[in-house]
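Me: Can you walk me through the pockets and cavities in this one?
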Amino acid sequence: MPGVTHTGPVMEIVILAVVIAVVVIGALGGLVVGSRRKKQLPEPPPATPDITAPPAEPHVGDEAETPRDETRRTIEEVDLPDGGTATVEEPPVVEELEIPQIEVPEPTAGRLVRLRARLSRSQNALGKGLLTLLSREHLDDDTWEEIEDTLLTADVGVQPTQELVERLRERVKVLGTRTPEELRTLLREELITLVGPDMDREVKTEPATSKPGIVMVVGVNGTGKTTTTGKLARVLVADGRSVVLGAADTFRAAAADQLQTWGERVGAHTVRGPEGGDPASVAFDAVKEGKEMGSDVVLIDTAGRLHTKTGLMDELGKVKRVVEKHAPLDEVLLVLDATTGQNGLIQARVFAEVVNITGIVLTKLDGTAKGGIVVAVQRELGVPVKLIGLGEGADDLAPFEPAAFVDALIGE
């Protein structure tokens, strides 16, 4: 129509343009939001580890997961040292314990002669004193009394002293003029007569019928009885005998150990029992084993009996009776300390009443000038001194020889 403006198509165009603009703006906004969502937020900081927690243990097979770059070689490709010969290390050498050497004791022949110098150093006070008195120009009664006192001090004993002084007075009176050599010869002869040169001093260890010889050693505490038994074993071994030791001193703990040590040094077998056991049983077993082993001698060391203890002395008699069920005793040796003097005579008397003493062993004779105890104890018991101890050495037990002993008393 005329006068009417036609706006329809124009409006449609405008509306279409607005719609397109809105769509474009919306698309652009979506792109911006999407890009912001793709941006990752920073990771939170790691948590602080618990310092009290133990470190993680490796899992089994962790090492196996590590790849090895080396190429494994076959056994044929491995080079052996020393031209292909494998070296085998020798095992360490174990040092063997040394077996104690068995000692060879000194031979008994002439042992006292070899020890005479030691004996004379301590004993010749007696001999020198007598020679000095006898050398006086006038031997009056006072001088003879001094001679008696010298002999009594040396433990010769009252009766032997009176006999010796009487014989000396007669011989000096007949002799008249006396030279030192004549006086020494005179004194030597009278002392040898007093000691008793004709007594049998052999230690009986060879029975007439069958082996072994059985020797029982008795004595009080402190006389050196166990040591004497060990030294006697050495004397016998030096003479070519085989020895069994019976440790019948079961009341003293160290006695059996001490005796066994003595035996081991010379190769002697030791029979012992429990501490505090029956001594007679040990003695019986020692003789039995000695017979089974074919030994030459069995030495039985008994406990150191106090002669004042009646019960203990009775037990010593029991040991003797039990041993004699196997075979008779060949020797019963009484060990006396030479320094005890008259007390030693009392001990000897009591022991002689319990067992049949056949011989005497005088110990510690090297440290005293009282050598006259040899004469006194022989007179008291009527049995000979067979062995004397002259020191602490292992071979210082010697057979008693009257002439050598007197020579030591009066000096050279």
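Predicted model: local features only at pLDDT ≥ 70, side-chain atom pairs only at ≥ 80, totals over all residues.

Me: OK, which residues lie nearest the centre of the largest pocket?
Reply: Thr-227, Lys-231, Thr-363, Gly-391 and Glu-392, out of 13 lining residues; lining means having an atom within 4 Å of a point.

Me: And which helix gives the most to that lining?
Reply: Helix H9, residues 225–238, with 3 residues. Helices are DSSP runs of H or I with at least four residues, strands are E runs of at least two, and both are numbered from the N terminus.

Me: How does the lining of the largest pocket divide by class?
Reply: There are 7 polar, 4 charged and 2 nonpolar residues. Nonpolar covers Ala, Val, Leu, Ile, Met, Phe, Trp, Tyr, Cys and Pro; charged is Asp, Glu, Lys and Arg; the others, Gly among them, are polar.

Me: What about the second largest pocket, what volume does it have?
Reply: About 190 Å³. H9 again has the largest share of the lining, 3 residues. Among the lining residues are Arg-201, Glu-202, Leu-232, Leu-236 and Pro-399. By class, that lining has 6 nonpolar, 2 polar and 4 charged residues.

Me: Switching topic: how many cavities?
Reply: The count is 1 cavity of 30 Å³ or more, a cavity being a set of points where a 1.4 Å probe fits but cannot get out. About 70 Å³ of space lies in the largest cavity, and the closest of its 13 lining residues to the centre are Val-156, Leu-191, Gly-372, Val-375 and Leu-409.

Me: Which elements give two or more residues to that lining?
Reply: Helices H8 (180–195), H14 (373–381) and H15 (402–410), with H8 giving the largest share, 3 residues. The lining has 11 nonpolar, 2 polar and no charged residues.

Me: Last one: what does the UniProt annotation cover?
Reply: The unreviewed entry puts "domain: SRP54-type proteins GTP-binding" on residues 384–397. UniProt positions are in the numbering used here, feature names are shortened, and annotations may be inferred rather than shown by experiment. In the model that span is 43% strand and 0% helix, and its end C-alpha atoms lie 16 Å apart.

Methods:
Residues numbered from 1 in each chain as written. Heavy atoms only, no water. 1 Å grid on protein atoms, 1.4 Å probe; cavity = no way out; pocket = protein on both sides within 12 Å on 5 of 7 lines; lining within 4 Å. Points joined across faces, edges and corners; volume = space filled by probe spheres on them.
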